[in-house]
Structures are given as structure tokens and as C-alpha cells.
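Biologist: I have just opened this structure and would like to learn how its features get their names. Could you take me through it, one feature at a time?

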Amino acid sequence: MANYADAQELAALRSLSASIGRDPHLTQAAGGNTSLKAGDTLWIKASGTWLKNALAEDIMVPVAIAPLLKAVEQRDPAADQPQAFAIEALNARKLRPSIETTVHALMPQRVVLHVHCVETISLAVQADCEAQLAKRLDGLEWAYVAYRRPGLPLAQGIAERLRPGVDVLILGNHGLVVAAETVADAEALLRRVTGLLARPPREVVEPNVAALTALIGRTGYRLPADIEAHAAAIDPESCRMASGGSLYPDHVIFLGQGSVVARSGEDVKCVTERCGAAPAAILFPGLGVLMRGDAGAGADAMQRCLADVTARVDVVAKLNYLTAAENDELINWDAEQYRQKLNAAGG
């Protein structure tokens, strides 16, 4: 830390990070990241770590800002490997910086918060997202960035849209970035923006646990960790949206491409035979969700996120799904395979 004031701000950021990480409406699993600029060093959450653990573990990694920004400007593929810019002498745990380190470096403000909040994602997947934002964020300095793969492609997209004074970014099919000069101001801006974007979820009935338990039998499947996850299957509109494909990157990373929805009369065996594999989650319309027995905490968190997001989407909205190429790009991406490996044992 450059000085006492920076150390105080980093302590405040860790406290806020833990608070954000405990709120499934703001971030899920290892998603989301926070950062603080101290002189020419960027302290950012490590890849694969959970924000909720920010007070219990040392999850912040120091990165040299100037060479990283130069790599982004030159479209150097090295910018997609932020670990190359980590300051190893200060990185005792040898952790990798978040793949989204470039997003934080590009924002000129000292404190940057990137969250996968369900209020933002539910708008960011709608084709009319920009029009909706214009109505809701009037008076704020914001920019919309259409979907690009996290890492260098997203950094380039942000660089193209960034203008002086912008402190709010809405990332298409992805999430929210807010930035300020202090942790307190960043938190206030986060609360303001998420409040402006908030929409009430559609209400659903309770899951049919008896029917789901009967379906489990000896299949190796189980109920989800969060009862809220069932809403994606119980609500017909949410189920329809989920069946259309992948809506955002972390769904692909933790649950696979799209959602598997059981057809009328199908049990777990029928679904797995039709798919040729056992999916991480199966949606049984009107009943609820079953998770594969070995699905980790990240998968559970993202199944809950799917329910929370789709419950807020306008039922008449046209949705932007990730393309087949965008799905493949995420599944075969080294940075995300690393993050999955770290998350195999859960958070």
C-alpha cells in the first residue's frame, strides 16, 4: 500500500466486497469483482475467488496499471492474460488477477465495482435495453456496451464507448460497473443505480417438492441449495426464457450452454438419454428444478441467478441470447477453465 489513506480505503473496499458477495441479487459464486487504484498499482479481486470471502481471505491481487493499459491500447493479446501484469513481490498467494482486470484499469476513477446484479442483467438481456436505460438512468453519466467476451474484447468495447465523466457502465448480457473516487461514493452510486433499474419479480407458487423427490429416486440428482432457484421452472414465462438459450457468460461457465427443460412425461433418465449426458440442472415445468449431485456451489448460485433474472424480464421483450460462437468461446476459454477449476470445491 502506498500510504495509510490507501490502506484505509482497501480495508473499506474489502468490507464492501464481502457485503456485495453475500447478496445473491448483486453477485453470484465467483462472479463480480472490485478494485482500488493506489498510485500506479491496481488492487483487484483474484480470479476464482468469491467476494463474500473478502474479509476472511486475502483475495486482492496487485497489478501494474500502465503496462496493462498500454497492452489494451495496442490490442496486445497479453492483455487477455492479466496475470502477466501482476506484481509478484506483493502477490504472496500467487493468485491470478480477475480476467476483467482490464475493465477496472480503463475506468479512471480510484474505486471500481463490477457486479452481476440481477436487476441489471434482466435489462441487459433485453433487445430494448438502451431505450429502457435512457428512461431509467436519465441524469447519470452512463454508457452501454454491447456484449463482448470478458477480457480484451470487452475492454476494447468499453474503450470505444468511454467518454469523460462516465462512471456507470451497463454491459450487454453481462452486468454493471460503477466507479467513484472513494469506496463510500462507489457504494452510494451502486445502490442508486440498482434502485433505478429495479423491477419487481413475478410471483410464483412453491415448488412441488414431493414430485421432485419422487423424480430423484436413485438418479444421483438433488434439490437445489436455494428454494428460489425453482422459480425458473415453475413460472411459465421464466421457463420459456430459460429454454431459449444462454443469457449471460457465468451461466455458460457454471451450468453449461442454455437450460435443459424436461418435456411432458419425461423423468431424469429420459432427459439424460435425450441429452446424451447428465446436465448440471434440469427444469421440470410447473414442478421445480433438480441439480446433478456433483454440481458445485457455483452451479447452485447460477441456477438461483437464472430464476432471479428471468423473473424480472419483461414478458413481451425480445431477448438477446448468446450465439453458438459466443457459447463456444466461453466453454473453451483457458481463463474460465481456470476459474471453474478453483470453484470445483465451491465457495
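This is a predicted model: local features need pLDDT of at least 70, side-chain atom pairs count only at pLDDT 80 or more; totals for chains, interfaces and linings use all residues.

Modeller: Let us start with L113, which stands opposite V178 in β7. Strand β4 and strand β7 (residues 175-180) pair in the antiparallel sense, over five bridges.

Biologist: What makes β4 and β7 a pair?

Modeller: Two strands pair if DSSP finds at least two bridges between them. β4 and β7 have five bridges, so they count as a pair. The strands themselves are DSSP runs (E, at least two residues), helices are runs of H or I with at least four, and both are numbered from the N terminus. In general, strands of a sheet pair through backbone hydrogen bonds, either parallel or antiparallel.

Biologist: Why are β3 and β5 said to stand at the edges?

Modeller: Seven strands form an open sheet with mixed pairing, in the order β3-β2-β1-β4-β7-β6-β5. β3 (60-64) and β5 (142-145) each have a single partner strand, so one side of each is left without a neighbour in the sheet. On average, neighbouring strands of this sheet are turned by 20 degrees against each other, direction ignored.

Biologist: Which helices lie on the strands?

Modeller: Among them is α1, which lies across β1, β2 (41-45), β3 and β4 and runs at about 175 degrees to β1. Helix α7 (residues 183-197) packs on the sheet too, touching β4, β6 (168-171) and β7, and its direction makes about 145 degrees with that of β7. Such angles run from 0 to 180 degrees between N-to-C directions, with axes fitted to C-alpha atoms, for helices over the stretch in contact.

Biologist: Why is T27 called buried?

Modeller: Buried means under 20% relative accessible area, exposed over 50%, and partly exposed in between (1.4 Å probe, protein chains only). T27 has 3%, so it falls under the buried cut-off. T27 lies in the loop between α1 (4-21) and β1 (33-38). Leaving aside neighbours within four places in sequence, T27 is in contact (heavy atoms within 4.5 Å) with I20, G21, G32, L51 and H116.

Biologist: And what about G265, buried or exposed?

Modeller: G265 has a relative accessible area of 79%, and that is over 50%, so exposed is the word. G265 is found in the loop between β9 (260-261) and α12 (268-275).

Biologist: How do you know that D6 and R110 form a salt bridge?

Modeller: A salt bridge needs a side-chain nitrogen of Lys or Arg within 4 Å of a carboxyl oxygen of Asp or Glu. D6 and R110 meet at 2.6 Å, N to O, so the pair qualifies. D6 sits in helix α1 and R110 in the loop between α3 (101-106) and β4 (111-115), 104 residues apart. D6 is buried at 7%, whereas R110 is partly exposed at 23%.

Biologist: What makes R312 and E119 another case?

Modeller: R312 and E119 come to 3.4 Å, N to O, which is within 4 Å. R312 is buried at 8%, and E119 counts as buried at 12%.

Biologist: How many salt bridges does the rule give?

Modeller: The count comes to 19. D226, E228, R304 and D308 are linked in a network of them.

Biologist: What makes a group of residues a nonpolar core?

Modeller: A nonpolar core is a set of buried Ala, Val, Leu, Ile, Met, Phe, Trp, Tyr and Cys residues joined through side-chain atoms within 4.5 Å. The largest has 40 residues, and those touching the most other members are Y248, L255, L283, M291, V309, L319 and L330. Helix α13 gives the most to this core, with seven residues. A second, separate core of 36 residues includes W43, L140, A180 and V183.

Terms used. Residues are numbered from 1 along each chain as its sequence is written. Side-chain values use heavy atoms; hydrogens and water are left out.
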